[in-house]
Amino acid sequence: MSTSKSQKGDFDAVRADIKALLKQPEYDDGSAGPVLVRLAWHSSGTYDINTDTGGSNGAGMRYEYEGGDPANAGLQHARVFLEPVKAVHPWITYSDLWTLAGAVAIEEAGGPKIKWQGGRTDYVDDTKILKHKIAGRLPDATQGADHLRKVFYRMGFNDQEIVALSGAHTLGRCHADRSGFEGPWVNNPTRFSNQYFKLLSTLEWKPKTLPSGVKQFVYYDEDTETELMMLPTDMSLLADPKFAVWVRKYGADKELFFEHFADVFSRLMELGIQRDANGNITNTDNQLGGYISAPKKANEPGLKKNAGDEGLPVAEADGLEQRNAKYQARAKL
């Protein structure tokens with residue numbers, strides 16, 4: 001990673017430093033890429049087209065109400081991985097950094113190039129997050145097709161786009177101490193591919209109840225001696241006829257999936273973002289002060305977490321500091 005600070009707007013320098021941190025031998029399958037994709041996804045997927053609230057602008061996950069949402073458990077790891085990048089490039093907003101990291105991670109994992117534009121502004125406090133009740137908007141993996149449609153239609157996506165976005169499950173794995181589910185979806189969870197769709201539509205998935213009582217679906221791969229898993233929401237894609245059409249199309253055509261995924265993931269990160277003809281963001285948050293970047297979050301817990309705590313740096317959301325300790329130590333923050 002570079003040690004000299006870049007000039008404001010030098011996103012290529014930020015990209016290079018994101019690439020440099022992707023290899024993390026001590027984390028999951030050796031890569032920070034999948035959790036960075038999840039960070040970009042979850043920071044954007046709170047958008048509500050009916051109220052024009054939520055979305056990636058603001059980086060609201062820095063505050064307890066959104067950061068402490070159970071759906072975001074484990075994402076403190078992704079945010080900590082990116083702190084050294086923020087320290088070297090203090091001009092970049094967290095909302096730009098998180099979404100750019102997701103795009104870079106997909107591309108570096110062998111996925112399609114994701115169209116990305118900067119210009120997002122960070123919230124100065126949690127006033128809007130609380131006012132608009134941003135938490136609780138992300139998908140519940142225990143649910144079925146009706147739930148998926150309710151969540152994704154709220155963002156403005158259709159059935160085909162729901163399935164395409166679900167293809168992000170080709171990266172990463174679930175953790176019992178975060179989501180309650182356990183295991184990877186595919187054999188190589190650090191490589192972006194259409195294997196998720198191939199396996200979902202061709203293997204015989206059997207229900208399994210974990211010791212915690214959480215129910216998921218599994219397939220034991222004898223060749224690799226690995227147990228793969230699917231979530232109830234994954235299985236609902238196959239059970240619903242309108243979803244299943246796209247599951248099979250993407251399983252049979254990698255290029256089609258890559259094309260559709262690149263488009264919908266780029267749009268996901270732009271939800272709620274308004275731009276002029278030159279690509280400049282015109283959201284209300286940007287009209288006072290222009291491109292506003294929140295300071296690097298505090299290394300010590302117990303500082304600013306709520307609106308009104310003026311003059312204090314932003315700490316990680318309550319309840320997450322202890323779990324951050326080993327990652328902060330490794331990153332020498």
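Starting with helix 1 (residues 11-21), the residues Ala13, Val14, Arg15, Asp17, Ile18 and Leu21 are buried, where buried means under 20% relative accessible area, exposed over 50% and partly exposed in between, with a 1.4 Å probe and protein chains only. Helices (H or I, at least four residues) and strands (E, at least two) are DSSP runs, numbered from the N terminus. The cover over the buried residues of helix 1 includes helix 2 (33-44), helix 4 (75-81), helix 5 (83-88) and helix 6 (94-108), with contact taken as heavy atoms within 4.5 Å.

A quick word on the source: this is a predicted model, in which local features need pLDDT of at least 70 and side-chain atom pairs count only at pLDDT 80 or more, while totals for chains, interfaces and linings use all residues. Residues are numbered from 1 along each chain as its sequence is written, and side-chain values use heavy atoms, with hydrogens and water left out.

At 1% relative accessibility, Trp98 counts as buried. Leaving aside residues up to four places away in sequence, Trp98 touches Leu36, Leu39, Ala40, Ser43, Ala59, Met61, Arg62, Arg79 and Leu82. Trp98 and Leu39 sit 59 residues apart along the chain, yet their C-alpha atoms are separated by 6.5 Å.

An open sheet of three strands runs in the order 3-4-5 with antiparallel pairing; two strands pair if DSSP finds at least two bridges between them. Its edge strands are strand 3 and strand 5 (226-230), each pairing on one side only. On average, neighbouring strands of this sheet are turned by 50° against each other, direction ignored. Strand 3 (residues 206-209) and strand 4 (residues 215-221) share four antiparallel bridges, and Lys206 has Val218 in strand 4 as its bridge partner.

Next, the helix pairs. Two packed helices are described by the angle between their axes and the distance between the axes. Here, axes are lines fitted to C-alpha atoms, for helices over the stretch in contact, and angles run from 0 to 180 degrees between N-to-C directions.

| Helix pair | Axes come within | Crossing angle |
|---|---|---|
| Helix 10 (residues 195-202) and helix 11 (residues 232-239) | 10 Å | roughly 70° |
| Helix 11 and helix 12 (residues 241-252) | 5 Å | roughly 95° |

Helix 11 is therefore roughly perpendicular to helix 12; angles under 35 degrees count as roughly parallel, over 145 as roughly antiparallel, 65 to 115 as roughly perpendicular and the rest as oblique. Ser236, Leu237, Leu238 and Ala239 of helix 11 meet Pro241, Phe243, Ala244, Val247 and Arg248 of helix 12. By class, this contact of helix 11 with helix 12 has seven nonpolar, one polar and one charged residues, counting Ala, Val, Leu, Ile, Met, Phe, Trp, Tyr, Cys and Pro as nonpolar, Asp, Glu, Lys and Arg as charged, and the others, Gly among them, as polar.

Helix 10 and helix 11 are roughly perpendicular to each other too. On the helix 10 side the contact is made by Tyr196, Leu200 and Ser201, and on the helix 11 side by Asp234, Met235, Leu237 and Leu238. That contact of helix 10 with helix 11 has five nonpolar, one polar and one charged residues.

Last stop: His260, in helix 13 (residues 254-270). His260 is buried, with a relative accessible area of 18%. Not counting residues up to four places away in sequence, His260 touches Gln160, Ala164, Trp246 and Tyr250.
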